[in-house]
Structures are given as structure tokens and as C-alpha cells.
Amino acid sequence: MRLQIFCFLLLAGSISAQETSLEEISKSSFPVRLTPEEEARAEAGNTPSSQPSYPAAPSQRGCCGAPDPAPCGPTSCCKPASVNCPPLLPRCNPCDCIIDYYQPLVYTGVDLSFEILCWKVQQKASTFVLTPHGTHQPFPPSTLADAIGKYQSASFDWSPGVRAGIGYTFERDAWRLFGQYTYYSTSGSDTVTRPTDPTLYLASTIRELSLSPDGVDVMHSKTHFNYQVADLLMSRRFLPGCQVLFNFFTGATAAWINETWKVTGTDIAGAVPNVSDIGQNNWNFKGGGMRAGLDVNWHMGAGFGLFNKFSFAALVGSYYNKRKTTVTPPGVVGTLTPDVRNTTEKDTWVVPNTQLEFGLNWNHRFCTWSMMLQAALEINTWYDLHQFHQDATGFSFPNNDRLDIRNASDVKLWGFTASADFGF
């Protein structure tokens, strides 16, 4: 009997100590600050004690962004608040967190996003003609005067694109599964005409497009670029401070990218009128790999915030490149066949990619749904993806040697984005 009484007293003491420990944790984790009215009453001695109480964290709170409910108490329109962030003041609920009014930390549901892109493609290894600066020199050019002027590269137009995504946030540790698809397409056109001065000429930087005996009169470049990328990512959010939110993500990515580039050199008024040399350079890449990155949001107040996103990906896939040059009408240049060049390259490549995005957003969480509007500058770089083969010596009969020069450059897609995200 005495042993049973001793065990009972020991158990009661343990429970009392545990309650005291939980109370101390509640005091340190959720300090309740007095409102100005409560402080005034405490100073006037209208309350039995000026020391605040430390109630346990409630399971629900008032509507997000709305005034404090009167009387203070939980409502049914909002999900539980975060318990790992300093409270906002004045609030009835000590667990209210500023980020919960932007992107709730305790959240389970579906979110949809749609983004409008306004991008431009930039690549350096696409020079097709050298235009004169006005310097008079004999034609054909001598070895000492064949590179005087201004280089002209193929250009691309500003064009729109779209990016759509769908995600789901799980209750366990706020893990988020997110998939998105990006589509973008653009074209470009450039035309350069020979000056009227007979001592000035156009120098094609593509050797086999200089077959006309008295030079070309018009050089025309036409490009088309097509871009598709799909991502399936898993992310996890972390809160280093009350206004800063980190989002680490990783997952699978796939890309389908292709480009066609056609350059035409035409001799309009030569010995044989309207002779055209047509060079085509087409390449495509299809592959898949892994992507990882970090998304940082800094919430400044009134729903506004700054964000920065960086990701790195490495894709393994099939690369195909085809170069072909023809002369029309055929047979006008000695014994040359219509196909001056017809080469292909096919290989398995590893292509790195980086994505950098920076901008401003506005977030708001309503009772049953949330919304985010965002505007940003984005730069996507695909390293050494544009490849252009060219003979260094051109037509060097009778040796007919073919020293290949591979002109390679990164493909950059950059411009502005505007997006909207809705959570339910």
C-alpha cells in the first residue's frame, strides 16, 4: 500500500513539472505583449496584476489581414497559424506571423500559376556579313584589306511566350510538388545591301557564300527559334527570419530546343544575273536532367516584397546539326554541283543551364484563398548550344584542304516576365 501511494505522488510531481516546463516554453516562444489600452489600465492599477499571461497557442485565428475579431477568439475561415514565428502586434493570437499574410507556412492545398514572357534571344556566333565603313579599296579584296568594316549578326525579335504551372503543398513539413511548362518561339530577319559606290563591297563571313566573281549585292539572314522546357520539382520552405522566406527546390527537367538559320547571298547584276548562294544551318537539342535552386523572398510590408531566384541544371541529350549550301541556278559556277556543302553532326552532349530571376511581387492571403502578382527580369543561359561549322580556307584549289572552324556560343533568353499565382 505504501509503495502504491509513493508511486502516485511521484507521478503527480512529474505531471506538475511537465506542465511548468510547457508553460515556460509557451512564455519564451509566444510572448504576449500588452495593447496600449491594457498597458494604461495596468499602470492605473485597474488590473490585479500588470504581468501578462501566457495562454497556450490557439488552434485557429482571425481572418488573415482583417482587424482583430471582437471578442478575441478563433474563427472558422482560416487555417491554423504558424507556431515558429514572432507575433504581430496588436493581435489576439500570439502565433500570428507576418509571412502568414503573404504565403502561409501552415498550408495544404493546390496552387495554379500563369506567366507571360516577353523575351529576346541572343547568341554571338551568328555573324554573316562585313559591311564597309566607307574606306575605298580594290575589288577583289587583297590579303591586306579584307576585313575593314562592321560585322552584322543575325538578330531575333522580341516575342511573347507562356509558362504555366500547378503545385500541391503537403501538410507534412510543407513539402510542395510543383510542375511547370515553358513555351517560347521567335524569329528574326536582316537584310544588308551593297553600297552604290563600286569600290565598296559586301564581304560574306561565310566562305562558300562568296562564289560570285564580282561579289554579292544583297545578303539576307532569316532565323527561327523554338524553345520548350518542362520541370517537375519538389521544394521545402525555411524561415530564417520573420520577413525572409527561403525555398529550396530540386527535381527533374527536360528541354526541346531547335533553331533554323538561313543566309542568302545574291548577285543581282553580275555576269550571270541573279545568282544566289543559300546557306542553311539547322540544329536541335533534346534532353533531360536534374535541376536545383533557391528562391528567396523578402516581405517588406503592405503585401509587397522582393524576390530572387537562381537555379542550375545539367541535361544529357541528343544534339543534331546540319549545314547545307546550294547555288541557284545550278551549274553557273564552273563545275561545282548545286550542293556546295552538305554536312551533319550528331552526338550525345551534356548541356549546362542557369536561370536567374529578380523582381517585385505582391501577396495577399484571403480567408479561403491566396493570390500573388509578380513582375521580374529573367535570364536563361544555355552554354555552347549554338554551333556553326565553317571552312577556314574556303575553296582552295587544287589542294582543296578543309580546315574546320567550330564557332560556338551560348544561347541566352532574357527579358521580362509577369505572373499570377492563386492558391486554394
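Reader: What makes Arg291 and Asp231 a salt bridge?
Author: The closest N and O atoms of this pair are 3.2 Å apart. A salt bridge needs a side-chain nitrogen of Lys or Arg within 4 Å of a carboxyl oxygen of Asp or Glu. The pair therefore qualifies. Arg291 lies in strand β9 and Asp231 in strand β7, so parts 60 residues apart in sequence are tied together.

Reader: What kind of model is this?
Author: It is a predicted model, where local features need pLDDT of at least 70, side-chain atom pairs count only at pLDDT 80 or more, and totals for chains, interfaces and linings use all residues. Residues are numbered from 1 along each chain as its sequence is written, and side-chain values use heavy atoms, leaving out hydrogens and water.

Reader: Are Arg291 and Asp231 buried or exposed?
Author: Both are buried. Buried means under 20% relative accessible area, exposed means over 50%, and partly exposed is in between (1.4 Å probe, protein chains only). Of the 424 residues of the chain, 40% count as buried.

Reader: How many salt bridges are there in the whole structure?
Author: There are eight. One of them joins Arg163 and Glu115, at 3.2 Å from N to O. This pair links distant parts of the chain: Arg163 is in strand β4, Glu115 is in strand β1, and they are 48 residues apart. Both residues are buried.

Reader: What makes Glu357 and Lys309 a salt bridge?
Author: Their side chains meet at 3.4 Å, N to O. That value passes the test for a salt bridge. Glu357 lies in strand β11 and Lys309 in strand β10, so the pair ties together parts 48 residues apart in sequence. Glu357 and Lys309 are both buried. Elsewhere, salt bridges that share partners join Glu115, Arg163 and Glu378 into one network.

Reader: How do you know that β9 and β10 pair?
Author: Two strands pair if DSSP finds at least two bridges between them. Here 25 bridges join β9 to β10, and the strands run antiparallel. Asn282 stands opposite Lys322 in β10. In the hairpin of these strands, two residues lie between them, and Ala302 takes a positive phi near 55 degrees.

Reader: Why are β3 and β6 called edge strands?
Author: They belong to an open sheet of three strands, ordered β3-β2-β6 with antiparallel pairing. β3 (150-153) and β6 (203-204) each pair on one side only. Strand β2 (residues 127-131) pairs with β3 over four bridges. Thr127 stands opposite Ser153 in β3.

Reader: Which residues touch the most other members of the largest nonpolar core?
Author: They are Phe225, Tyr227, Ile257, Trp382, Leu385, Val411 and Leu413, out of 21 residues. Elements giving two or more residues to this core include β1, β7, β8 (244-267) and β12 (370-391). A nonpolar core is a set of buried Ala, Val, Leu, Ile, Met, Phe, Trp, Tyr and Cys residues joined through side-chain atoms within 4.5 Å.

Reader: Which residues does Ile257 touch?
Author: Among them are Phe225, Tyr227, Trp283, Trp382 and Leu385, not counting residues up to four places away in sequence. Contact means heavy atoms within 4.5 Å. Another core lies apart, with eleven residues, including Phe128, Val192, Leu202 and Trp261.

Reader: What makes Phe422 part of a patch?
Author: Patch residues have over 30% relative accessible area and no salt bridge; like charges are joined within 9 Å, and nonpolar side chains (Val, Leu, Ile, Met, Phe, Trp, Tyr) within 5 Å. Phe422 is listed in a nonpolar surface patch, along with residues including Val110, Leu112, Trp369 and Phe170. The patch totals about 1,000 Å² of accessible area. Such areas come from the Shrake-Rupley method with a 1.4 Å probe; for residues, only the protein chains shown count as cover. Phe170, in the loop between β4 and β5 (176-193), counts as partly exposed because its relative accessibility is 35%.
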